[in-house]
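Thank you for making time this morning. I would like to walk you through a few places in one protein model, going slowly enough that everyone can follow along on the screen.

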Amino acid sequence: MAFKNLQHFVKALEDAGELVRIRTYVNPHLEMAEITDRISKSGNGGKALLFENTGYSFPVLMNAYGSERRMCLALGVQKLDDVAKEIESLFKLLTKPKENILDKISLLPKLGQFASWMPKVRSGRGECQEVVMSEPDLTRLPIITCWPKDGGPFITLPIIHTKDPNNGSRNVGMYRMQLFDKKLTGMHWHKHKVSAKHFNEYKKTGKRMPVAVALGGDPVYAYSATAPLPENVDEYMLAGFIRKKKVELVKCISQPEVEVPADADIIIEGYVEPNDELIWEGPFGDHTGYYSLPDWYPRFHVTAITHRKNAVYPATIVGIPPQEDAWLGKATERIFLAPIKMTMVPEIVDMDMPVEGVFHNLVIAQIKKEYAGQGQKVMNAMWGAGQMMFNKILVLTDEGVKIQDYAALAKYVCDNLDPVNDIHFSQGPMDVLDHSCSKLGFGGKMCIDGTRKFDEEKESESGIQGLTDRTQLSKSGALLETEIKSKYPEIRKINISLLEREIPVLIISVEKSRKSHVRELHQQLCALKELQTIKIILYVEHTVDANDLPVALWRLCNNLDPKRDNIVINSSNTRCIGFDGTRKTKELDDFQRDWPNIIVADDVTIEAVDNKWNQLGLGAFIPSPSLKYKEQLYGEEAAVS
């Protein structure tokens, strides 16, 4: 289904019982984000929120993609897998042998249909240009400030259009934009992104780079801008394929080299000057749940702002998971499973990206395993595939378990795991937002091969290939915390819940006080007779509750460089690997980069929302999720040295 604009999508959400209109005044500075954070974490993503009283001429739509149902509504499907099935069906149709002329003719209707979905530039002005600001002024838009240590207000759902100056190919991406004044923002494109490559090409030519930003329109546009498409594939081809209708584009008014969707709600036109001084942009509370720290980025100069009548301003927040962006990621996981299978990893059966892994940190892949070493083959293929190059932890399993059942998955993987030989480490490009790397954008990766092993993959003396005595371990588990904490006072909490499920994994909260502290502690723990059947120990910092499994995994995945932070014990009595998921410092870890803080709302904003909650029409009071994390803060600022 193709939506005409955001108002059309708002009506569809409302008709489906998926939207709440908030008519009480809510401040775009921090309050909208705090309300949205509470709703997005309230169970099943809560509802979409339309803030109608913003102090501006535009209402603000938030959490529009924040559940599976709303994501399906945005894409016009019943299930997210539907798009992948259609892609797979089309691929099979195009690649099957054509034995005669009739076979070839039978393709024509599908090819004609596919051609009708291709983007098209039309003449004249579009609905997005019904109103032209006489003097462009970004401060007339309800640009939100999400978190208290953000560098300022940010446009958080911008659909950014650039072109390669050499061949004219279009890229549509999504990169946050910090507001600096009426006609100036930052342009936060990372060095790996296509728009950054376009910028580098403009630098070579010395020409000014035209850029256009669309807000709103069909919700599939924003999704397509986030999709991990190959560099030479137009994002509006994907949008047309999903909505079953071509995207009609119009030329910008002040930057006619760039085209934008005619049915968008708001358009911001401008340019980036290659020879401009860069601007100090950030911090920004990011999707990792930590602040991304400030850095130098290009300046975007605004030359025109246009919008449709009755335009809606779309916004999102990112932060400690789960948030709305988890469902954008889930859509990508489901939609792009088929292309990965058909073009790179034919043995892949399913894939899952747990929300605690914030997309790139943790990916689970299920394969049809047929020969020894196939896990490593898949590992290398996936780390070489587009944005999968940013993946930090890859968990592989076979068809013996349902990968969305995390408890069953963990047990199956551990049953098949030799911690010494079945965990593979590498190095490579990492997301610029990954703060755990010793060097920006470059760090360690690991693959945990939890597939069943062929004889060729096993050592002759295989050591511990499973729990030697599950009953004994389960019964003694309840005594472990008291006994171990009495011996090691730096241990604050021990999560033994996985042992009770016959999963040989411990999670330990530890307060470090010296260099190599976690390494020495791990060696000492592995020497204990009671822990000889443990295969993995995960260490998190002392402020983290090891018994809060989602939070502990989220913190561990963010704070871990797997290649640097693993401790392997291989003795005659035990094979156990430890992972140090604590904060790294100059003093204790020789870590030279600043370490970001986690993201929480400030007390003033929490109190303000508490006081107006009964006026919002959101039902029973929901306390701030930030309260849970206050004790985990490293201080008051966005970063600590």
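**Contacts, helices and a pocket**

Let me begin with one side chain: leaving aside residues up to four places away in sequence, Lys-487 touches Leu-528 and Glu-530. Please keep in mind throughout that this is a predicted model. Lys-487 lies in helix H14, which covers residues 470–487, and Lys-487 is partly exposed, with a relative accessible area of 47%. If you look for Leu-525, you will find that Lys-487 and Leu-525 are 38 residues apart in sequence, while their C-alpha atoms are 9.9 Å apart in space.

Now let us turn to helix H18, residues 603–612. Which of its residues are buried? They include Thr-605, Ile-606, Val-609 and Lys-612, and because these four cover an arc of only 140° around the axis, they sit on the same side of H18. Part of what covers the buried residues of H18 is helix H2, residues 31–40.

Helix H3, which runs over residues 68–75, also has buried residues, namely Arg-70, Met-71, Cys-72, Ala-74 and Leu-75. What covers them includes helix H1 (6–15), strand E2 (48–51), helix H8 (219–226), helix H9 (235–243) and helix H10 (325–335). After H3 comes Gly-76, and the phi of Gly-76 is positive, near 70°.

Finally, I would like to show you a pocket. The second largest pocket has a volume of about 770 Å³, and it is lined by 29 residues, of which Leu-362, Tyr-406, Ala-410, Leu-538 and Leu-553 lie nearest its centre. What kinds of residues make up the lining of the second largest pocket, by class? There are 26 nonpolar residues, one polar residue and two charged residues. As for where the lining comes from, the elements that each supply at least two residues include strand E22 (362–367), strand E23 (393–397), strand E25 (442–449) and helix H16 (549–559). The largest share of this lining, six residues, comes from H13, a helix that spans 406–415.

How values were computed:
Residues are numbered from 1 along each chain as its sequence is written. This is a predicted model: local features need pLDDT of at least 70, side-chain atom pairs count only at pLDDT 80 or more; totals for chains, interfaces and linings use all residues. Side-chain values use heavy atoms; hydrogens and water are left out. On a 1 Å grid over the protein atoms alone, a cavity is a set of points where a 1.4 Å probe fits but cannot get out, and a pocket is an open set with protein on both sides within 12 Å along at least five of seven lines; lining residues have an atom within 4 Å of a point. Grid points are joined across faces, edges and corners, and a volume is the space filled by probe spheres set on the points. Ala, Val, Leu, Ile, Met, Phe, Trp, Tyr, Cys and Pro count as nonpolar, Asp, Glu, Lys and Arg as charged, and the others, Gly among them, as polar. Buried means under 20% relative accessible area, exposed over 50%, partly exposed in between (1.4 Å probe, protein chains only). Contact means heavy atoms within 4.5 Å. The arc is that of the directions from the helix axis to the C-beta atoms.
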